[in-house]
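Trainee: I would like to go through the labels given to this model and ask what each one rests on.
Mentor: Then let us set each value against its definition.

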Amino acid sequence: MGPLFGIGYNDPVLVGIICLCLLFGLALLGVRVAFAAAIAGFVGMVELIGFGPGASQVGTIPYAKTSLYALSVLPPFILIGFLAFHAGMTTKLFAAARAWIGWLPGGLAVATVMAQAGFAAVSGASTATAAVFSRVAIPEMLKNGYDRKLAAGVVAAGGTLATLIPPSAILVIYALIVEESVGALLLAGFLPGIVSALIYGAIIVLWARAHPEAGPAVKGYTWGDRLRSMPGVLPIFAVAFIIISAIYGGWATPTEAGALGAFVVLLVAITQGMRFRGLKDALMETARLTVMIFTLIWGIFIFVTFLNYSLVPQTFSEWLAGLPYNPYAVLFCILLGYAILGMFMDAIGMLLVTLPIFYPAVMALNGGEGVTREESAFGLTFEECSIWFGIIVVKMAEVCLITPPIGLNCFVVNGVRPDIPVMDVFRGIAIFFVADVLAIAALVFFPEIVLFLPDLMR
Amino acid sequence: MSGGSDHVLDHPPEDGLGRLVWRLDRILRWPEDALNFIAALAIMFLMLMGVVQIVAGLRWLFNAPIFGYIDAIELSMPILAILGIAYCQRMGVHIRMDILIQNFSGRLLWSVETFAATCTFVIMIFMCYFAWNFFNDAFVIGDSTTDAELPTWPSKILVPIAFGLLVLRAFVQILGASRLALNPKLAPVGVVVQKDIAEQAQEEIREAMAGEQREGPG
């Protein structure tokens, strides 16, 4: 069988562009992204290298890209998240955070952010975190006279912390696509997650000082209250300690650490009254999400294999690196592109579709493989740049969960509290959007925040 | 966005094509649910294996990590990663961009859905065939893992099985969607009914709240 479009290897870049259009066309017409990518990749392979060789490459990808030990970390990480909801940790975390920091201006809102950051240590799911905290924290804030826009906004925004603080499925996926160390990426997300939470907290305090009626301080907690709140949050610290110390100290692989973390949360959930039915539901949900992610991975990899034959990423990289503009300006444009795309696409899908082209381009912009810090555009080695860019794009993808028109987190908050109109949630989000822009700027200009922990590991 | 739900009617619809789709949908449900349940069990097993591996590997305790642990995990990955693929297609879990089609309704929507299901059907026939060849090669040459020398074919055969079921599921969706394209007023069977953003939010909430029902707020 000859080339389908009669172009073949005469102009691989043209074939690449045709198949990129095919991918987006199919995806827009409702073909699931994974299958659209598989179709576009397969068609492109047949065009470039013929049916037989194309088929033999494409045919091995679903198995080869799923039966990898490094990827076995995903199911335990996802399971921890689902089990954590059964373990009743959110209420206890919020109670503890309230007792410790409720006295600040806007203290309950700050406590919500800190509790969500803590919950992120057992959950990688933004929307689910926003949902549960809508029920736990919003009533408490409203009872204390908080402005409902602030109450709703903080819950929706705080949910996004889940994806940076380990365990995070999306960072594992990023690590896989760019062939970076899973452990390094997971560690790298930790400090940016904390910094984001602190920036959220600082913005709330400033806002509440300027508008004392919007977020009054809640006083009257004793040290006894504070200490009594601690045992309830111990399991969270245990899981965070297991995962971070295992990756950092190397006493277990991320998969094993995830498994142990899931086991600890399971035990807590059982003591909280979870029965077989709850466990089965959590496992079935985990299975669904696992299959969804893996299908996307192998579908996209078929397309990526083709893209590499087509030389599109290389051509795009050379073009981008050769632009006569400041590299930070180019990076800014790329991030802006992500912000726009993120308005219409799910975070994981967006990363998988865009990274095969943008990742090599940003690496080339930095100076390519083997570049030293001094020679590079961003003052980072290849490996450092790769981790740094990952954290920034994941943070970008998260910001899109709170921006109109389809900021899913905002709709989740409105779904739990139908009395708070979605427009009020979007209004309440505004100050957190400013906080996120500051956080991203901090990550861009102070890469040390991202690289401090992974550098220690080396 | 990926929200969707499968539609279950207790009784077959009146029209002939509807009855056929309803029946085929029922036949496929059982193996799909079973395979996803096996995947769920495998996840439980993966968790327990990880814990055992850590305990058994403790230098001061047993210092005897499970032999072939990594090989076994790699071979079992297709169980958790691929077996449930048809189940996910039925439930509308696989993500898609609905920016354009969310504006469609009636005949146009179901025609586009028919097209999408047909695309999935065609590519998965190819993928199923390729995966079968891949398994067959491994079976014929007696391929095994490098460390523990476990045979790979029992793991590789799972891929064409799961893909085959997805081909059948996509076929049911073609029938279900084209039936609605012909007459959008009929009750939907054998198709994923797309949800809007507010309904997706409700879905997320239901999932997250399942475990939190017992607790009061605050």
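This is a predicted model: local features need pLDDT of at least 70, side-chain atom pairs count only at pLDDT 80 or more; totals for chains, interfaces and linings use all residues.

Mentor: Residues are numbered from 1 along each chain as its sequence is written, chains are lettered from A and ligands numbered from 1 in the order in which they are written, and side-chain values use heavy atoms, leaving out hydrogens and water.

Trainee: How do you know how many disulfides there are over all chains?
Mentor: A disulfide is a pair of cysteine sulfur atoms within 2.5 Å, and by that rule the count over all chains is 0. For Cys385(A), the nearest cysteine sulfur is that of Cys333(A), 16 Å away. The sulfur of Cys410(A) has its closest cysteine sulfur in Cys400(A), at 12 Å, so it is too far for a bond.

Trainee: Why is Cys385(A) called buried?
Mentor: Buried means under 20% relative accessible area, exposed over 50%, and partly exposed in between, with a 1.4 Å probe and protein chains only. Cys385(A) has 0% relative accessibility and therefore counts as buried. Cys410(A), at 0%, is also buried.

Trainee: What makes Tyr69(A) and Tyr69(B) an edge-to-face pair?
Mentor: Rings of Phe, Tyr and Trp (its six-membered ring) pair if their centres lie within 6.5 Å; planes under 30 degrees apart are stacked, over 60 edge-to-face, and the rest tilted. Here the centres are 6.0 Å apart and the planes at 70 degrees, an edge-to-face pair. Both Tyr69(A) and Tyr69(B) are buried.

Trainee: Why are Phe411(A) and Phe426(A) called edge-to-face?
Mentor: Their centres lie 6.0 Å apart and their planes stand at 80 degrees, so the pair is edge-to-face. Phe411(A) and Phe426(A) are both buried.

Trainee: What makes the charged end of Lys65(A) sit over the ring of Phe301(A)?
Mentor: The rule asks for NZ of Lys or CZ of Arg within 6 Å of the ring centre and within 35 degrees of the ring normal. The charged end of Lys65(A) is 4.2 Å from the centre of the Phe301(A) ring and counts as over it. Arg226(A) likewise sits over the ring of Trp223(A), 4.8 Å from its centre.

Trainee: How do you know how many salt bridges cross the interface of chain A and chain B?
Mentor: A salt bridge is a side-chain nitrogen of Lys or Arg within 4 Å of a carboxyl oxygen of Asp or Glu, and across this interface the rule finds 0.
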